Amino acid sequence: MKKNWVIAIHGGAENQSREDIGEAKEAAYRQGLDNALMAGWHVLEAGGSAVDAVEAAVRSMENNQLFNAGRGGSLAKDESIEFDASIMDGKNMQAGAVSGVKHVKHPITLAKTIMERSKHVLLTSVGAEEFAREQELEMKGDDYFKTEEKIKSLKKAKKKEKDELLKDTVGAVALDMDGNLAAATSTGGLENQYPGRVGDSPIIGSGTYANNEVVAVSCTGDGEGIMRANVAHEVYALMKYKNLSLKEAAKEAMEVYKDRIEGDRNFIAMDPEGNVEFSFETSLMFRACKRNNDPTYLAIWRDEDGNWEKE
């Protein structure tokens with residue numbers, strides 16, 4: 001029986017036009033997505049685990065200033081940067097998460113280290129940073145994260161010159177050769193947020209969820225709404241208990257309690273066969289996917305073919 005390996009990633013979902021982004025920046029986004037996708041794909045190709053693959057893909061985006069995670073994280077009201085991240089192993093349903101951490105270069109690696117080397121699932125703030133130092137993870141000063149573009153963006157937001165605040169998240173889901181699923185999510189939070197605000201990204205079942213039997217999910221969008229709708233677990237529950245297909249569950253999860261819970265909810269999801277759904281209600285989602293040695297599917301705009309298996 002042929003062993004499949006599949007990885008899908010997102011770099012966030014936004015309401016922007018081609019004119020807003022521009023050709024040069026769009027090209028840079030596409031290159032960043034390709035770099036992240038291949039970082040995870042190479043792990044799978046070599047027989048590595050789904051957990052290691054999603055970590056590698058997310059780390060790549062955490063290194064890229066274009067994405068709202070790691071170095072590209074958004075600034076809070078006080079110009080600080082606080083990171084949230086989580087990772088989940090579908091094989092054993094172990095998980096690790098971190099919130100409100102400031103100086104860790106790769107929050108997703110801290111989340112994975114919490115999963116593997118501690119008895120806890122979620123560590124936050126000063127305690128999370130202390131654990132990162134104990135584990136000798138790479139730390140960076142404020143200057144590494146505070147880019148000029150982010151400072152300018154925060155000033156515009158404070159003057160209410162921006163209609164759309166930065167609230168992106170990056171994430172990945174993967175299926176390895178052993179049939180294991182994993183999901184990972186990382187974010188720099190909501191631009192101009194109150195210090196200490198925590199979104200959906202580090203909450204298992206909200207922004208991230210993985211179970212080998214059913215699905216792996218990573219979310220992006222309005223964190224408060226996604227948290228209240230428990231979106232990642234909702235996809236799981238619809239598949240597990242209503243026996244819906246991945247496509248059907250993804251569609252329904254987008255609409256559950258929409259009359260009471262505002263905000264855009266967007267996510268990528270993968271089932272045990274390696275089928276993938278890119279679900280988003282914004283004008284664009286930075287996304288990419290690759291199965292085995294098949295051609296890469298990489299897209300940004302809604303009008304780009306969403307059925308990546310046709311690529």
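Strand β3 (residues 94-101) is largely enclosed by the rest of the structure, because seven of its eight residues are buried. Buried means under 20% relative accessible area, exposed means over 50%, and partly exposed lies in between (1.4 Å probe, protein chains only). The model is predicted, so local features need pLDDT of at least 70 and side-chain atom pairs count only at pLDDT 80 or more, while totals for chains, interfaces and linings use all residues. Residues are numbered from 1 along each chain as its sequence is written, and side-chain values use heavy atoms, with hydrogens and water left out.

Strands and helices

- Helices (H or I, at least four residues) and strands (E, at least two) are DSSP runs, numbered from the N terminus.
- Strand β2 (residues 83-89) pairs with β3 in the antiparallel sense, over six bridges; two strands pair if DSSP finds at least two bridges between them.
- In this pairing, D89 stands opposite Q94 of β3.
- A hairpin is formed by β2 and β3, with four residues between them. M93, in the turn, has a positive phi of about 60°.
- Strand β4 (residues 122-124) runs parallel to β3, and three bridges join the two.
- S99 has T124 in β4 as its bridge partner.
- From β3 the chain passes through helix α4 (residues 107-117) to β4, a β-α-β crossover that is left-handed. A crossover is right-handed if, with the strands pointing away from the viewer, the path from the first strand over the helix to the second runs clockwise.

Aromatic rings

- The structure holds nine aromatic pairs. Rings of Phe, Tyr and Trp (its six-membered ring) pair if their centres lie within 6.5 Å; planes under 30 degrees apart count as stacked, over 60 as edge-to-face and the rest as tilted.
- One of these pairs is Y236 with Y241, which is edge-to-face at 6.3 Å centre to centre and 90° between the planes.
- Y236 is buried at 7% relative accessibility, whereas Y241 is exposed at 59%.
- Y29, F67 and F286 are linked into a cluster by ring pairs.

Charges over rings

- A charge sits over a ring if NZ of Lys or CZ of Arg is within 6 Å of the ring centre and within 35 degrees of the ring normal.
- K140 lies over the face of Y144, 5.2 Å from the ring centre.
- R302 has its charged end over the ring of F280, at 4.2 Å from the centre.

Salt bridges

- The count of salt bridges is 15; each is a side-chain nitrogen of Lys or Arg within 4 Å of a carboxyl oxygen of Asp or Glu.
- R18 and D303 meet in a salt bridge at 3.2 Å, N to O. R18 lies in helix α1 (residues 18-21) and D303 in the segment after β12 (297-301), so this pair ties together parts 285 residues apart in sequence.
- R18 is partly exposed at 39% relative accessibility, and D303 is exposed at 60%.
- E55 and K112 form a salt bridge at 3.3 Å, N to O. E55 lies in helix α3 (residues 50-62) and K112 in helix α4, so parts 57 residues apart in sequence are tied together.
- E55 is buried, with a relative accessible area of 11%, and K112 is buried, with a value of 11%.
- A network of salt bridges links D52, E55, K112 and E116.
- K140 also forms a salt bridge with E138, at 3.7 Å, N to O.
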